[in-house]
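The points are grouped by topic.

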Amino acid sequence: MNSSLNFIGMEVSVIGLGLVLMLADLFVPAERRRFIGYLGIGVLGLLLLFSLGGDGSCSTFGSVFNGSFVNDPLSLFFKRFFLVAAILVLFIAAEFSDRLSEGSIAEYYSLIVFALAGMLFAASANDFVMLFVSVELITITFYVLVSYQRSKIAALEAGVKYLILGALSSAFMVFGIALIWGTTGKLNFTELAAVAGQYGDSKIFLLGVLLVLVGLGFKIAAFPFQIWAPDVYQGAPTPTTAFLAVGSKAAGFVLLLRVLFSAVPSVTAQWGNLLIVISGITILYGNLCALPQRNLKRLLGYSSISHAGYLLLGVAALNASGQAAILYYLAGYLFTVLAGFLVIALVLRHLDTEDISGLAGLNQRSPLLAATMTISMVSLAGIPPLAGFFGKFLLIKSAVEAAQLTCNHGYYCLIFTALAGVVISLYYYFGVIKVMYWSKEAKDLTIIELSAPAKVTAWVCILGIFWLGLFPNTVLNMANAAAAVFAVVVK
Amino acid sequence: MKYEILPWLILFLPLLSAAVITLFTLRCKTTSSLISIGAIVAGFVMTVVFINANGFHPAVSETMTNWLNFGGPLQIDFGLKLDALSLMMLLIVTGVGGAIHIYSYGYMDEDPSKARFFAFLSLFTFSMLGIVLANNFVMMFIFWELVGVSSYLLIGFWYEKPSAGDAAKKAFITNRLGDFGFLAGILMVWGLLGSLNFGVLKGAMETNPAALGCCATIAGLLVFCGAVGKSAQFPLHVWLPDAMEGPTPVSALIHAATMVAAGVYMLCRTLFLYTPDALHVIAYIGGFTALLAALIAVQQNDIKRIIAYSTLSQLGYMVMAVGLAGPTPAMFHLTTHAFFKALLFLSAGSVILGMHHEQDIWQMGNLRKKMPITFVTFLIGALALSGLWPLSGFFSKDSILGQAYGQHNYLLFIIGVFIAGLTTFYTFRLFFVVFFGQEKSKAASHAHESSLVITLPLIVLAVFSAIGGLIGIEGIYHYNFPIEGEQSAGFIAALFEPFKASPVAALLGLLAFAIGLVAAWALYAKAATDPLPAKLGGMATAMKNKFYFDELYEATFIRAHDGIAAVVNWIDQWILEGCGIGLVRGGTNLSGRMLRHLQTGNLQTYAFLFVLGVSLVLYFVLRK
C-alpha cells in the first residue's frame, strides 16, 4: 500500500485539500470565506511546482492497482494541465464569490477541488472501471457546481438538464463497458489492446466500444451529443462554465485518446471516416449556431463545441502528430478560454444581462480587461502570433500528413471544413471585440476596479497565450513526449 | 575591405534616429533635431573614413547577408554595393544632406512639429541611403518605395494646408504609376536572367549581350519607367512643381539634390540593361523634358516653382546624358547639380524667411542690400546653374553637350545649347527681380538677413558649387565607367580641359549663357511687372499655365479613371458584395438561425435528439 501511495500521492493530497476546504467552512466567518480559496490555490501551486520540478507522485512512471492506474508522460502532461486550470478557476471563483449566496463559497471551492481530483484520476485511468469512476466523480461534482446558484431558475434548469442528459450518457457508457467485458473478458486497456484485434468483426464488441465513445462524446460536447452544452454553459455560474469548458473537456479528451489509441487501436484504425465526419459536423455546427448568438456565455458554449470539433480533427488524423497537436491545442485553449471567462465574470457579475452589449465601452472602463478579452477572442479565432493559431496550424498539419499517408480525400474535405469554420468564427469573435471598442450603446462608463489577484490572473492568461504562440517548443516537446506513449495506429 | 561595418552603420543610424525620435523624444524639439543631425553628420564622417581606408574603388565591392531564401532560384540578399558610384552618392547624400539638416535646425525653429520633421528627414535619409547602397533590384525597389513614402510625408508635412495634402497625394500617386512599370521591369529581368543582383546581372549581360532576347528593349524601358516617375520626366513630371508645398529644406534635399536624382542614379547603376533603341527613347524623353520645363520656368512667379522647373529641366539633361550613353556626364552633372541646386533652394528659403513666407517674386526686389550673404550665395548658385566658366555647372553641362556632340546627335545638341540659354534667362530673371530694382512690397523693405545656422550651410554649399567642377569628381566616376584615352591631370589642365576636348560645345555653351544673361538684364533689371506676356502673347500664357498639362490630365486620365472606378465600385458593391458575398453570408447566417431552433430548451427533445444521435452513429459504423 505504501508503494501505491507513491503513485497516487497527488490525488490523495488533492482530495485531502478538498476536505480541508470544506471543513474550513465551519471555522471561518462568512465574510472571510472567500479567502479560503487562496489556501487552495497555494496548495495546488505547490503541487504544480513539484510536478514541474520532476518530483512528486505524478512523475513516478509505472502502474499500480493491477494496472488500472498508470503514470506516464501523457498523464503527467494532463495533471499539470488540470492543476493550472484549477488554480486559474479558483482565482475566478474568488472574484465571483459575491454572486453566490452568502458564505457558501468555501463549499464551492471544495467542489472544484473534488472535480480536479476526478480529472487527475482520469488522466491516469488505464481500465474501464477507473475510467467510469473518474468520469462519474467529475460529472456528479459538476451537477452540483452547475446548479450552485440555487436561487436562480436558469441555474437550476441547467443543472437538471445536465443531470438527466449526463445520466443518460453514463447509462450508455456503462452498458458499453458491460458489452466489452462480456465479449472479451478484459477491462484493462493494455490487456484489451492485445486481444482487440481478434474481435474486430464482433458487432457486439464494436457496439460496446461505440457506446463508451458516446459517453465520452457527451463529455467533450461533440456532435451529435452536443445538445446540452449551450444551455448548461449559459445557466451555470461563470467559474463553473470556465471549468466545464477547460477541465471537463480535457478530461474527456484524455480518456478518449486512451480508449482509442491504448485500448482498441486496431478498431480505431478502421474508424478514420467516422471521426472525420463527426469532427467536420461538430466544427460546422458550433460555428454556425454561434453566429446569431447575443448571449456571451451561450456564444462561448457554441464556440466550445466548434473547438471540440477542431480537437477531434487531431484524433481523426490517427497519427502521433495529431495527438501531440491536441495536447498543444488544449494548452493554448486553457489560457484563452479562461481569459475570456475571467473577463465575463468580472464585468458581467453585477449586471442582470449576459448579453454581449454588457461589454460596451469596456476599453474605457478597464483597458486591461478589454485587452484580455480581445487577445482571447483573437486567439480563439486562430490568428498569429497567438496560441490558437499555432494549435490550429499543428492540427491541420497533422491532417495533411494523414491525407498524404492514407490518400483518403476525406481529410482534405475536413481541412477545408475547418478553414471555413475559422472564417465563420472570425465574424462572431470580432463582433465581441467590436462591441468593446466601438459600440456607442455604452451607458455605464464607470471604471472597473480590479483586485490584485484578478490582475495577476489576466496577465498570466495573456502571457500564456503569447508564450504558447511565440515560443511553442517547450510545450510542444512535452506534448510530443506524451503522445509517444501510444502505439502507431496506421502504418 | 577595411571597416566593413561602417557602411552598415551609415545606413542604419538614420533609421535608429527616426525610431528614437518617434518613440521617445517627440516632445523635445532640440533633442530630436540634434539626434537627427548627429546621425547624418556621423554618416558623413564615416563615409570619409571608409573612403580614406579603401579608396573609391574597393577590391571587393559588396558586403551582404542572405535575407530571404524561398528555395529554388529566388534568393534575396540584403547587401551593400560599394563602388565609386555608390560611394560618391554616399558623400552627396550625407554631405549635402548634412548641410540641409543643419539649415533645417534654423529654418524650422518656430515650427511646433519640428521633432516630427526631423524624424521624417531621418527616415528619408535612411531610405535614400538604401537606394544608393542596394546591391540588388528587390532591395532597391523596397527603398525606392520607402523614399516615396518619406517624400509623401514631407510634402504633406503641413497637412493642415489642403494644398499640401493634395500635393503629397499627387506626388505619391504619380510615382506609383512609374513604380508599376519599374516593378514589371524588375520581374521581367528576373524572369529572363534568373538573378536580381546587379553584379550577377551585369556579368550575365556581358557574357551574353542577347540574354534578354527580343524583350530587351521592353524590359529596359519598363525599368526606365521607375526613373520617369522618381526623376519627374515627361509625362510624369507634373508632381514635382506641386511638391514645393513642403518646407523649403525638403525641396532642397529631396526634390532637388537627392531623391529626384535617384532615377538617374538607378539608370547608371543598371546601364548594362539598355539596348541602343531603349537609350534612344531615354535620350529624347530627357531632352524633351528639359526643354519643356525650361520654357515653363520662364513664366513662373513663385520663387520655389521657378527653381523646381529648373530642377526638372536639369534632370532632363541628366537623363538625356544617360540616353546618349554618357553615364559619367550624367553623374557628374548630378553631383554638381546637388551642390548648386541645394544652394539655390536654401538661399531661396533664406529669402522666404526674410520675407516672412512671401514667395511671389513680384513682391520682392532690391534685396541685395538687406540680405548680403544670401545675395552672394544665390549669385554663385545662379552662375553655377547657368554654366559660367569656371564654376561647377559649366564643366558638367559642357560634358553633357560634349557627349551629344560626340555622339553626332546634333538635334539634341542644339536643344541642349538652347536650353542652356533659357536656363540663364529664367535664372537671372528671378535673380534681377528679387535682388535688384525697387522694393515691390512692404515686406521687401523690412526684409532681414537670416541667422548664422542658416547662412553657414549656404556658404559651404557655395564653395562647393564654385569649385565642384575642378576637384576631380568626373574622374572618380571613371572607375565605374572606364573610358579610353588619357585623363589630363592637374588643376590648370582641368580648368581648360573642356575647351580642348570639345571646343564647339564649350564655346556655344558660353555664348548661350551670354545671350541669356543679356536678355534677362535688358528685360528685368528694372522691371516692376513682367514685360514678357505683352511681347509673347498666347505663348506666354501657355508657359504660365505649364502648357496645360494638369488640365489635360484632369480631363483625360483622371476623368477616365473616375469613370472606371465608378464602374468597378458598382461591380464590387452589387455583384461581388451583393450577390457573391451576400449570398454566402446570408446562407451561413440563415443556417445558423435555423440550427438554433434545434435548441428548443426542452429536455425531452434533447434526450430524444441524443438517442437519435447515438442511433445514427451506431448505424454509420455497424450497418454492414
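In which helix is the place of Ser170(A)? Ser170(A) lies in helix α6 of chain A. The model discussed here is predicted.

**Surroundings of Ser170(A)**

- Leaving aside residues up to four places away in sequence, Ser170(A) touches Glu136(A) and Gly215(A).
- Gly215(A) is 45 residues from Ser170(A) in sequence, yet the two are 5.9 Å apart in space, C-alpha to C-alpha.

**Contact between chains A and B**

- The contact brings together 23 residues of chain A and 22 residues of chain B.
- On the side of chain A that touches chain B, the elements giving two or more residues are α6 (153-184), α8 (203-220), α9 (229-235) and α12 (272-290) of chain A.
- By class, this side of chain A comprises 20 nonpolar, no polar and three charged residues.

**Nonpolar cores**

- The largest nonpolar core contains 208 residues, and Ala86(A), Ile112(A), Leu334(A) and Leu338(A) have the most contacts inside it.
- Helix α14 (residues 320-348) of chain A gives the most to this core, contributing 22 residues.
- Leu334(A) touches Phe81(A), Val84(A), Ala85(A) and Val246(A), with residues up to four places away in sequence not counted.
- Another core, lying apart from this one, has 201 residues, including Phe118(B), Ala227(B), Phe332(B) and Phe395(B).

**Chain B: overall composition**

- The secondary structure of chain B consists of 27 helices and two strands.
- Of the 624 residues in chain B, 53% are buried.
- Among contacts in chain B between residues at least 6 apart in sequence, 81% link residues at least 24 apart.

**Chain B: packing of α6 and α8**

- Helix α6 (residues 162-193) and helix α8 (residues 216-230) of chain B pack with their axes 7 Å apart, at an angle of about 150°.
- Because angles over 145 degrees count as roughly antiparallel, α6(B) is roughly antiparallel to α8(B).
- The crossing of α6(B) and α8(B) is left-handed.
- Twelve nonpolar, seven polar and two charged residues make up the contact of α6(B) with α8(B).

Methods
Residues numbered from 1 in each chain as written. Chains lettered and ligands numbered in written order. Predicted model: local features only at pLDDT ≥ 70, side-chain atom pairs only at ≥ 80, totals over all residues. Axes fitted to C-alpha atoms, helices over the stretch in contact; angles between N-to-C directions. Helix = DSSP H or I, 4+ residues; strand = E, 2+ residues; numbered from the N terminus. Parallel < 35°, antiparallel > 145°, perpendicular 65-115°, else oblique. Left-handed = near helix turned anticlockwise from the far one by under 90°. Nonpolar A, V, L, I, M, F, W, Y, C, P; charged D, E, K, R; others polar. Core = buried A, V, L, I, M, F, W, Y, C linked by C-beta atoms within 7 Å. Buried ≥ 20, exposed ≤ 12 C-beta atoms within 10 Å, placed from the backbone. Contact = placed C-beta atoms within 7 Å.
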